[in-house]
Amino acid sequence: LLRFLNTAVTDQRTRRRLFADDADHGLALLELAGKRFDVVLMNPPFGDPTGASKSYLVSNYRDKRVDLYKCFVEAGLRQLSHRGRLGAISSRTGFFLGQSRGWREDVLLACSSPALLADLGGGVLDAAVDTAAYVLEKKASSAVDAYPLASFRLLEIDDKALSLRQAAAGTLCSRTYLT
């Protein structure tokens, strides 16, 4: 395929050149998908998937209730190198709802060690969603959690950015929890 791409780029026919460009982008995506990363940062989409993608997501991801952000988090964890970190801001529902228990156990706790959880609530994103910001560290199947979990509960706070900085600095002790 690479040999074809090289000859197609020098070919003057437009359709062939366009295909070569598309194929080159596709190969770059495949190459990227096979890599492992030390850090993955995301603000994934949330909510129900479209009808066309739902059956794929149900068969390829552990959470059968399928909220898009949970699939993105699981995919991000798969892309991490050993002890790599995933940072995300997303819906907070997966951390607290009973129906998300399987996702918490099978993805969050089985595949990662949560290092930080900031329970932010509403008013953070330009969307009607209560949010959480978190950092997960990928672990080997036999690894023991190496770090305590730092949690910040900032649901009722108006200035969440300032409060999060204070909590991280250790000056907002009433809303900081270490486990």
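How do the residues of the lining of the largest pocket divide into nonpolar, polar and charged? In this predicted model, the division is 5 nonpolar, 2 polar and no charged.

**The largest pocket**

The volume of this pocket is about 170 Å³. Its lining consists of Phe37, Val40, Met42, Phe72, Ala75, Gly76 and Gln79. Two elements, strand S1 (37–42) and helix H4 (68–79), each give two or more residues to that lining. The largest share comes from H4, which supplies 4 residues.

**Strand pairing**

| Strands | Sense | Bridges | Opposite residues |
|---|---|---|---|
| S2 (residues 80–91) and S4 | antiparallel | 7 bridges | serine 90 and alanine 132 |
| S3 and S4 | antiparallel | 8 bridges | proline 114 and leucine 136 |

Strand S4 pairs with S2 through 7 bridges and with S3 through 8 bridges. S4 spans residues 131–138 and is mostly covered, with 6 of its 8 residues buried.

**Serine 112**

Strand S3 covers residues 112–121, and serine 112 lies in it. Is serine 112 buried or exposed? Its relative accessible area is 1%, and the cut-off for buried is under 20%, so serine 112 counts as buried.

A polar atom of the serine 112 side chain lies 2.5 Å from the backbone oxygen of leucine 108. Which residues does serine 112 contact, leaving aside its neighbours within four places in sequence? They are Leu77, Val107, Leu136, Glu137, Lys138 and Lys139. Among these contacts, Leu136 is also the residue in S4 that stands opposite proline 114.

Definitions and conventions: Residues are numbered from 1 along each chain as its sequence is written. This is a predicted model: local features need pLDDT of at least 70, side-chain atom pairs count only at pLDDT 80 or more; totals for chains, interfaces and linings use all residues. Side-chain values use heavy atoms; hydrogens and water are left out. On a 1 Å grid over the protein atoms alone, a cavity is a set of points where a 1.4 Å probe fits but cannot get out, and a pocket is an open set with protein on both sides within 12 Å along at least five of seven lines; lining residues have an atom within 4 Å of a point. Grid points are joined across faces, edges and corners, and a volume is the space filled by probe spheres set on the points. Ala, Val, Leu, Ile, Met, Phe, Trp, Tyr, Cys and Pro count as nonpolar, Asp, Glu, Lys and Arg as charged, and the others, Gly among them, as polar. Buried means under 20% relative accessible area, exposed over 50%, partly exposed in between (1.4 Å probe, protein chains only). A polar contact is a pair of N or O atoms within 3.5 Å; within protein, one must be able to donate a hydrogen and the other to accept it, and residues adjacent in sequence count only if both atoms are side-chain atoms. Contact means heavy atoms within 4.5 Å. Two strands pair if DSSP finds at least two bridges between them.
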